[in-house]
Amino acid sequence: MWLLRTSTAELTHFDSPYDVRGGYTILSHVWQEHEQSFKDVQALQSKLATAGLKRLLRARVSAKIRECCVLAKMHGYDWLWIDTCCIDRSSSAELSEAVNSMYEWYALAQVCYAYLQDVPSAEDPHAPDSAFRRSKWFTRSWTLQELIAPRCVVFLAQDWTLIGTKASLAPLLQDITGIDTDILTFRQELGNVSVARRMSWASCRNATRIEDEAYSLMGIFGVHMPTIYGEGRRAFRRLQEEILKRTSDQTLFAWGNVLPIRIAPFRERMSYGSYHPDNHMFAPSPAAFYRSASMVPVPMEVAVENALQALGIKQPLPTSLQNSHATHVHQAAEGSCGIPLADFTVTTHGIRSTLLIIESAEGESSIAIAVLACKDASTGSFVGLLVRRRLDRQAKLQHPRYHIGLTLCGGLEWMRLRYRLSHVEWARHALSFNTSGITVRWQQLYISHRPPSRSPFSRPQVDTMFRFYFPRWLEVELRRQGFIPDTKLPASRTEGPRFTRNGAIETYTFTHQRMRDAFRIHVGYCGGAPWATAMFVVGIGQRGRGGMRTTVSDKMAMQRPPTMLPAAEAFTHESITRVCECGPEDLRLWPNGSRVFGDSRRNVQLTFTRANSTSTHILDVRVGGSVYQRSAGHTTRRLFHSVALPISRLLL
């Protein structure tokens, strides 16, 4: 690690924080727009050393570095660490080491100076609307560990005067951050706090880089992992995977909304979307734990005993997992109680585990409650995951796959509410159909832990809507070739025409400025499928005996819109020609979404590219052929002569 000598602000390297004699101080602050970096201080140090003015280094560094050095020296410390200038960020290895070691560096510091640049000195920090309470320092991701890790934290106002210490302000800090005073004052071990509660401390904090939302929590959970800036939200998922390897605390999964008591999903309108961010075991960000501060872990045997009592089962469950026979609430099960070890393994199909599953005894219900070894301390209720068995063709696997959560739909769009947890005590009512019972069994299962990397397999269906638009740059390029459109081209999804009924046609004509040529594009919708065609019109404006006449190129028969057929309900690749008789104009028959119309003299290529996961496409138009190549060459020669002639006259 690099440290600043407080008397001179020189950078000095140490192999370990344990090698620093007399210890060191450390600064916690919020980065401003312009901060001096490691390279800046090194360059200034080298420049002054060359000029023999090394003694002036501390006076030439930024005001923040200088004032912190002065304060630390005044307090009797020779060394200081500041993250802005003591990490060489040009080295990915050094940056990764610093991020993984930062919690330890703050924990080993003699004192941590928390500099609050937005807090004036002349105010009471305990006031209800004080600048101290509203300081940006309490909203940043990295300052969470910088508050928890050091034994001594000294809060400083914007003029570097003392506000108070972590110990003296502990009740106020708990009120602001939600962190228990026992944690702030080291009367309780951090590892004894539930995972969900520790996550909740970071739920309202933010970072400049998304990845830092995860990296700033590594020390708080005692994990280490490579830092990969650019991976985005995957960093937080990797953090949760590392936490899962080191703890059996199932509150890691206890985030999101809890299904309210007296609500029965089967009696409500439900939505089963598979791509909601709450569908998975791992949370998308720390913000998901905002309401999870009261979740605490309990022994699995306690959670199971509570579930059996709530469901009226007086006998223990059977131990056999091979048969996984359902145990009805109104029946007594025989055998001795055997609780499987709560083990969670991350696989390519999801998290594999054996959980106590509660579900309806009637019909092929897809909703169940997976009992978790945790409870809500604020209500005393035990909670479980509200899981949904996948109903696709993989549902018949030996170990079923589940998603988490469901959406209850109200009468209006804003009334859609998402739930992923349920009270175990309310399972009988929440999962039952009228008077039907429920079943309880141990089940080995796979639960989705992350969004899929690709869309699941789905059978081809007829698009009920088709929309297209032209790229914004296309009109400019066509004009450079001499073709002018007869109307403004739609250049965005909102401007593009929308086809929802058979017989709809859009036509665009492009006329050449110099040649008596034009080409026309037809795009339409028939038989539940889009089609497109193009044609050339040659000799526009030529006078004949009959007046103005238009001829069509001999080798290019005019492409007319196909016969409209009624839309079909479904199709497969083998039955495309049966569903729609549009012939080669049917876009589904175009290789790679592209087709060339015309011959070697004049041709136009149409290419449709899917813009997103919807039925919106981007239409690219390429014009070619020997006629237009000669025209382009003639234009170039004419331009050359128009420029060369004046130059030759000047030379003469």
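Reader: Why does Asn592 count as exposed?
Author: This is a predicted model, and every value here is computed from it. Asn592 has a relative accessibility of 76%. The cut-off for exposed is over 50%, so Asn592 counts as exposed.

Reader: Where does Asn592 lie?
Author: Asn592 is in the loop that runs between α15 (576–579) and β28 (594–598). Its phi is positive, about 60°, although Asn592 is not a glycine.

Reader: What makes Phe186 partly exposed?
Author: The relative accessible area of Phe186 is 31%. Buried requires under 20% and exposed over 50%, so Phe186, at 31%, is partly exposed. Phe186 also has a positive phi, near 65°, in a residue other than glycine. The loop that holds Phe186 lies between α7 (181–184) and α8 (195–201).

Reader: Why are β28 and β29 said to pair?
Author: Pairing needs at least two bridges between the strands. β28 and β29 are joined by 5 bridges in the antiparallel sense, so they count as paired. A hairpin of 4 residues connects β28 to β29.

Reader: What pairs with β29 in the antiparallel sense through 8 bridges?
Author: That is strand β30 (residues 616–624), which runs antiparallel to β29 (residues 603–610). Gln605 shows both pairings. In β30 the bridge partner of Gln605 is Arg622, and Val596 stands opposite Gln605 as well.

Reader: What is the order of the open sheet of 5 strands?
Author: The order is β23-β21-β30-β29-β28, and the pairing is mixed.

Reader: Why are β23 and β28 called edge strands?
Author: β23 (498–499) and β28 each pair on one side only.

Reader: Why does Gln443 count as buried?
Author: Gln443 has a relative accessibility of 8%. The limit for buried is under 20%, so Gln443 counts as buried. Gln443 belongs to strand β20 (residues 438–447).

Reader: What makes a polar contact with the side chain of Gln443?
Author: The side chain of Arg441 does, at 3.0 Å. The cut-off for such a pair of N or O atoms is within 3.5 Å, and 3.0 Å meets that cut-off.

Reader: Why does Arg60 count as partly exposed?
Author: Arg60 comes to 46% relative accessibility. Arg60 is in helix α2 (residues 57–60).

Reader: Which residues are in contact with Arg60, leaving aside its neighbours within four places in sequence?
Author: Gln36, Leu44 and Leu48 are in contact with Arg60, which requires heavy atoms within 4.5 Å. From Arg60 to Val41 the separation is 19 residues in sequence and 9.4 Å in space, C-alpha to C-alpha.

Reader: How many Å does helix α12 reach, and what is expected?
Author: α12 (residues 300–311) has 12 residues and reaches 17 Å from its first C-alpha to its last, close to the expected 16 Å. Its buried residues are Met300, Ala303, Val304, Asn306, Ala307, Leu308 and Leu311. They pack against several elements, including β13 (350–360), α13 (427–431) and β20.

Reader: Which residues of α11 are buried?
Author: They are Ala235, Phe236, Leu239, Gln240, Glu242, Ile243 and Leu244. Among the elements that cover them are α8, α9 (212–215) and β13. Helix α11 (residues 234–246) has 13 residues and reaches 19 Å, close to the 18 Å expected.

Reader: Why is Cys152 in no disulfide?
Author: The structure holds 0 disulfides. For Cys152, the nearest cysteine sulfur is that of Cys112, 8.6 Å away. A disulfide requires the sulfur atoms to be within 2.5 Å, so Cys152 is in none.

Reader: Which is Cys152, buried or partly exposed?
Author: Cys152 is partly exposed, because its relative accessible area is 31%. Cys374 counts as buried, because its relative accessibility is 0%.

Reader: How many helices and strands does the protein chain have?
Author: The chain has 16 helices and 30 strands. Of its 652 residues, 49% count as buried. The accessible surface is about 32,900 Å², and carbon and sulfur atoms account for 50% of it. Among contacts between residues at least 6 apart in sequence, 64% join residues at least 24 apart.

Note on methods. Residues are numbered from 1 along each chain as its sequence is written. This is a predicted model: local features need pLDDT of at least 70, side-chain atom pairs count only at pLDDT 80 or more; totals for chains, interfaces and linings use all residues. Side-chain values use heavy atoms; hydrogens and water are left out. Helices (H or I, at least four residues) and strands (E, at least two) are DSSP runs, numbered from the N terminus. Buried means under 20% relative accessible area, exposed over 50%, partly exposed in between (1.4 Å probe, protein chains only). Accessible areas come from the Shrake-Rupley method with a 1.4 Å probe; for residues, only the protein chains shown count as cover. A polar contact is a pair of N or O atoms within 3.5 Å; within protein, one must be able to donate a hydrogen and the other to accept it, and residues adjacent in sequence count only if both atoms are side-chain atoms. The expected span of a helix is 1.5 Å times one less than its number of residues.
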